[in-house]
Structures are given as C-alpha cells and as structure tokens.
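Let's take a walk through a protein model together. Have the sequence and the 3D view ready, and follow along as we go.

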Amino acid sequence: MVFHNKAYDRLQNLWMRWGIPQEDVYYAIENDLLRTCVWLPLRYMERGVIQNQKFIFEQHEPKQGFMAVRPEDFYRVCSTGRAKLRIFRSIEEEGHILRVAYEPPQPAIMVRIGDLVVLQEDRKKFEETYNLGNGN
C-alpha cells in the first residue's frame with residue numbers, strides 16, 4: 001500500500017483489506033456497527049437533535065466536508081445504487097443531526113455507493129472491536 005495513513009477508505013477497499021464478504025461490511029453499516037461518510041459540498045445546514053421523532057432545531061450554519069450517513073439511508077443507497085439525501089449525522093457532535101436547510105433553497109445531495117467512505121478513526125475502532133485487518 002502506497003499511503004499507509006489515509007484519512008479514509010472506500011468501501012470496496014475495506015472488504016478486500018479485511019478478507020470478508022461485501023455483505024458483511026454492508027450489514028455492519030446498516031446495523032450501526034460501522035459509520036460511513038460522504039463528502040458534502042458547501043451547503044447551509046440546520047443543526048439539531050431528534051427528540052420524540054421530531055427534529056429540534058439548534059442552529060443554522062454553513063458546512064462543507066465529511067458528514068455521516070444514517071444507517072437507514074445507507075440501506076437506500078445500497079438497494080438502488082444512489083439516493084438523494086437531506087439528513088446526515090454530525091461527525092463532530094455525537095447525537096446531532098445535520099439537515100440541508102430549505103432556506104435558502106438548496107437541492108438534496110445525490111449520494112452514490114462509490115461516494116461513501118469510512119474515516120480512518122472509524123476503521124481502526126471497527127478493526128479493534130472485531131479483530132480485523134493488520135492494524136495499520
């Protein structure tokens with residue numbers, strides 16, 4: 001491997017690295033055992049939390065960078081190969097949701113299976129938990 005300390009890995013690299021079936025990696029993501037992310041271009045986002053199945057708004061902010069994909073949305077992306085997403089999990093604040101703001105009007109983000117990555121910290125944590133990989 002040329003890059004030993006990559007910031008992220010694409011999904012197909014992980015099942016090859018770990019020597020496990022693709023379905024096992026997908027199962028782990030769908031069941032919230034492994035976090036997957038997507039890079040979002042600059043968007044105005046609403047930050048909040050979910051309480052009693054409702055989004056509770058906390059603040060409005062511009063965001064760009066990696067956002068975590070919710071397990072239920074990962075399932076949609078996998079079953080169709082792509083999905084338009086508006087809601088993501090924050091990777092900076094546990095338990096917080098980031099939602100693409102409706103004002104100003106902005107399109108949902110088209111996410112394809114090839115766009116999804118696992119950040120290095122999540123990969124290492126998963127490898128330690130399930131005794132996978134070579135620990136790099």
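In which helix does Gln22 lie? Look for helix α2, because that's where Gln22 sits. Keep in mind that what you're looking at is a predicted model.

Now, is Gln22 buried, exposed or something in between? Its relative accessibility is 32%, so Gln22 counts as partly exposed. To be called buried, a residue would need to be under 20%, and to be called exposed it would need to be over 50%. While you have Gln22 on screen, find Glu103 too: the two are 81 residues apart in sequence, and their C-alpha atoms are 39 Å apart in space.

Next, move along to the loop between α2 (22-30) and β2 (36-51), where you'll find Leu33. Leu33 is partly exposed as well, because its relative accessible area is 41%. Together with Tyr27 and Tyr130, Leu33 makes a nonpolar surface patch of about 320 Å².

Let's turn to the pockets. The largest one has a volume of about 420 Å³. How many residues line the largest pocket? There are 16 of them, and the ones that lie nearest its centre are Asp32, Arg35, Arg89, Glu94 and Lys125. If you sort the whole lining by kind, you get seven charged residues, five nonpolar and four polar.

Which helix gives the most to that lining? That's helix α4, which covers residues 120-130 and puts in six residues.

Technical notes:
Residues numbered from 1 in each chain as written. Predicted model: local features only at pLDDT ≥ 70, side-chain atom pairs only at ≥ 80, totals over all residues. Heavy atoms only, no water. 1 Å grid on protein atoms, 1.4 Å probe; cavity = no way out; pocket = protein on both sides within 12 Å on 5 of 7 lines; lining within 4 Å. Points joined across faces, edges and corners; volume = space filled by probe spheres on them. Helix = DSSP H or I, 4+ residues; strand = E, 2+ residues; numbered from the N terminus. Nonpolar A, V, L, I, M, F, W, Y, C, P; charged D, E, K, R; others polar. Patch = residues over 30% accessible without salt bridge, like charges linked within 9 Å, V, L, I, M, F, W, Y side chains within 5 Å. Areas by Shrake-Rupley, 256 points an atom, 1.4 Å probe, with all protein chains shown as cover. Salt bridge = Lys/Arg side-chain N within 4 Å of Asp/Glu carboxyl O. Buried < 20%, exposed > 50% of the residue type's maximum accessible area, 1.4 Å probe, protein only.
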